[in-house]
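Here is a short tour of a structure, written to be read with the model open beside it. Let's begin where the chains meet.

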Amino acid sequence: MIEYIQILGQEVYKILFLLIPILVSVAMVVWLDRRVWGLVQKRRGPNVVGPFGLFQTIADALKYIFKEIIIPASANKVVFILAPIVTMTLALVAWAVIPISEDLVLSDINVGILYLFAVSSLGVYGIIMGGWASNSKYPFLGAIRSAAQMVSYEVSIGIIIINVLLCVGSLNLKDIVLAQKELWYVVPLFPMFVIFFISALAETNRPPFDLPEAEAELVAGYQTEYSGMMYAMFWLGEYANILLMCAMGTILFLGGWLPIIDIYPLNIIPAPFWMIAKILFLFLLFALIKAIVPRYRYDQLMRLGWKIFLPFSLVYLILTASFLFYFDKLPKVGI
Amino acid sequence: MIVHSIFFYFFSIIAIFSSLMVITSRSTINSVFFLILDFISVGCLFIMVGAEFLGMILLIVYVGAVAVLFLFVVMMLNVAEQKQSWFIGKKSTHIPTGLIVSVLILLELLVVVGGWKYKEDVMSSSTLIMSDISNTHQLGLVMYTDYILYFQLAGIVLLLAMIGAILLTFRERVGVKKQSYINQISRSPSTAIELKEVRSNQGVKIDD
């Protein structure tokens with residue numbers, strides 16, 4: 001029995017070792033987001049708390065912790081409290097399978113990419129639960145919008161993942177990265193990378209697809225009734241999700257922890273550095289797009305998802321499959 | 001092994017408890033939430049047995065898509081709390097039907113399990129786990145070779161169901177202005193601007 005407790009202790013230690021950096025980097029990334037947003041609009045952005053304003057998010061989080069949590073009288077209390085917890089937990093749980101380097105991964109499972117896909121498709125529950133339990137009109141409208149939006153864009157993300165999997169021949173995230181040793185998939189599958197990026201924006205409710213919380217139409221969407229720590233949890237979960245999508249894009253298309261070219265000065269830089277740099281690069285694109293693109297109209301959003309992305313990625317899937325088949329490059333499975 | 005069985009009992013107790021709550025809880029929303037919990041714990045059981053692909057697909061398809069639609073419908077219909085009379089002791093008309101259906105399902109299960117036992121060349125699940133290729137590869141090797149016809153047929157049935165549902169709910173609205181993206185994009189200054197000679201006291205019509 002003592003053995004099991006020891007193993008359990010080790011696991012808890014490992015999980016903390018993963019979670020605390022993620023939470024800290026979420027805080028830093030929020031700062032980066034606001035900073036980029038400010039720079040694009042010729043403002044300074046947060047620059048007062050700490051050096052370059054780095055501690056702004058921590059100050060904000062402290063403020064949220066000490067605020068009173070208000071629960072509407074007509075809300076369904078259990079679901080209302082559960083919703084931010086679900087969002088936050090799901091956003092953090094997905095990180096268990098992300099390989100930071102070849103041996104720095106919490107759990108190396110065979111169906112890693114499916115696990116990621118499943119967890120990101122569960123993310124919609126936090127939003128629906130929050131919107132419904134608030135028992136108020138704007139949150140409910142926001143929840144309905146976001147449910148439809150996330151379900152739609154998951155479809156095209158699924159097909160894009162199939163595209164990559166066809167080239168790899170394995171569902172393991174490590175294998176996916178190692179298969180890109182010669183050529184990152186962003187080169188042959190560039191259109192898919194673009195579509196993946198846009199779908200990731202829609203999946204995480206980022207501008208220009210932030211219709212669930214469109215402040216001009218819906219006050220703040222599903223989080224209108226939330227306050228204090230519960231709002232902060234929604235907010236942290238959202239950013240953890242964005243980072244997760246960036247990590248997913250890095251693993252699927254940008255070659256994970258692999259250096260740009262495998263030559264001397266580049267390959268002595270440790271692998272986690274490359275991974276983090278690529279995630280940050282994608283996040284920077286996310287932040288820039290938030291600042292420069294206006295919000296989509298809802299019917300345009302649906303049209304883009306169903307009538308453009310879905311057929312296009314299906315056609316590209318057929319193209320990829322035929323190419324691999326014709327040139328006899330389909331990955332072989334040991335039988 | 002002891003940890004394995006602890007986990008097994010943990011997930012199966014949650015699964016059974018939540019499936020009971022699906023049919024006994026008073027508000028329909030809670031029923032749907034318990035259904036989701038049930039799906040998740042059954043998915044975990046699948047993964048524990050070594051069928052990781054099935055477990056993940058269960059999560060993606062049922063929890064990620066089907067249950068979302070359930071939740072959607074229940075929320076939109078705004079069904080208030082149901083008064084379940086059979087708790088309190090009044091007579092309910094649902095019990096006989098429910099009993100018949102559940103007895104039928106039990107019989108079917110018995111037949112299936114019985115038939116499985118006497119089938120000759122059944123691979124035991126342990127050989128599947130022992131072999132060195134992964135669960136997903138094994139499924140693919142079987143599904144796209146021996147059972148390709150059934151696989152494709154299942155797909156076509158689903159497609160037909162989808163087309164049917166769309167056809168049933170489709171209605172063409174008249175008098176609605178639609179945005180034509182092709183027309184908008186292909187506009188050029190020469191077609192977009194039109195010069196009209198306006199005669200005094202007569203004006204022009206610009207709306208056609």
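## Where chain B touches chain A

In this predicted model, the contact draws 18 residues from chain B and 20 residues from chain A. On the chain B side, the elements that give two or more residues are α3 (52-77) and α7 (135-143) of chain B. Helix α3(B) gives the most to this side, with 12 residues.

What classes of residue make up the side of chain B that touches chain A? There are 12 nonpolar, 5 polar and 1 charged residues on that side. As for the scores, the model has an ipTM of 0.79 and a pTM of 0.82.

## Chain B as a whole

Chain B has 10 helices and 0 strands, so to follow its elements from the N terminus on is to read α-α-α-α-α-α-α-α-α-α. Of its 208 residues, 15% count as buried. Among contacts in chain B between residues at least 6 apart in sequence, 50% join residues at least 24 apart.

How confident is the predictor here? The mean pLDDT of chain B is 80, and 84% of its residues reach 70 or more. Among the elements of chain B, helix α4(B) (residues 85-88) has the lowest mean pLDDT, 50, while helix α8(B) (residues 148-169) has the highest, 92.

## A helix pair in chain B

## A helix pair in chain A

Over in chain A, the axes of helix α8 (residues 190-203) and helix α10 (residues 228-253) come within 10 Å and cross at roughly 165°. The crossing in which α8(A) passes α10(A) is right-handed.

On the α8(A) side, Phe193(A), Phe196(A), Phe197(A), Ala200(A) and Glu203(A) take part. They meet Met245(A), Gly249(A), Leu252(A) and Phe253(A) in α10(A). This contact has 7 nonpolar, 1 polar and 1 charged residues.

## Backbone details in the loops of chain A

Most residues other than glycine have a negative phi, and most peptide bonds are trans. With that in mind, the loop between α8 and α9 (215-218) of chain A is worth a visit, as it holds Pro208(A). The peptide bond from Pro207(A) to Pro208(A) is cis, with omega near 5°. Asn205(A) also sits in the loop between α8 and α9 of chain A, and has a positive phi of about 55° although it is not a glycine.

Phe52(A) likewise has a positive phi of about 55° without being a glycine. Its place is the loop between α1 (2-40) and α2 (56-66) of chain A. Are these two residues buried or partly exposed? Phe52(A) is partly exposed, with 14 other C-beta atoms within 10 Å, whereas Asn205(A) is buried, with 25 other C-beta atoms within 10 Å.

How values were computed:
Residues are numbered from 1 along each chain as its sequence is written. Chains are lettered from A and ligands numbered from 1 in the order in which they are written. This is a predicted model: local features need pLDDT of at least 70, side-chain atom pairs count only at pLDDT 80 or more; totals for chains, interfaces and linings use all residues. Helices (H or I, at least four residues) and strands (E, at least two) are DSSP runs, numbered from the N terminus. A residue is buried if 20 or more other C-beta atoms lie within 10 Å of its own, exposed if 12 or fewer, and partly exposed in between; C-beta atoms are placed from the backbone. Two residues are in contact if their C-beta atoms, placed from the backbone, lie within 7 Å. Ala, Val, Leu, Ile, Met, Phe, Trp, Tyr, Cys and Pro count as nonpolar, Asp, Glu, Lys and Arg as charged, and the others, Gly among them, as polar. pLDDT is the predictor's confidence in each residue, from 0 to 100. Axes are lines fitted to C-alpha atoms, for helices over the stretch in contact, and angles run from 0 to 180 degrees between N-to-C directions. A crossing is left-handed if the near helix is turned anticlockwise from the far one by less than a right angle, and right-handed if clockwise.
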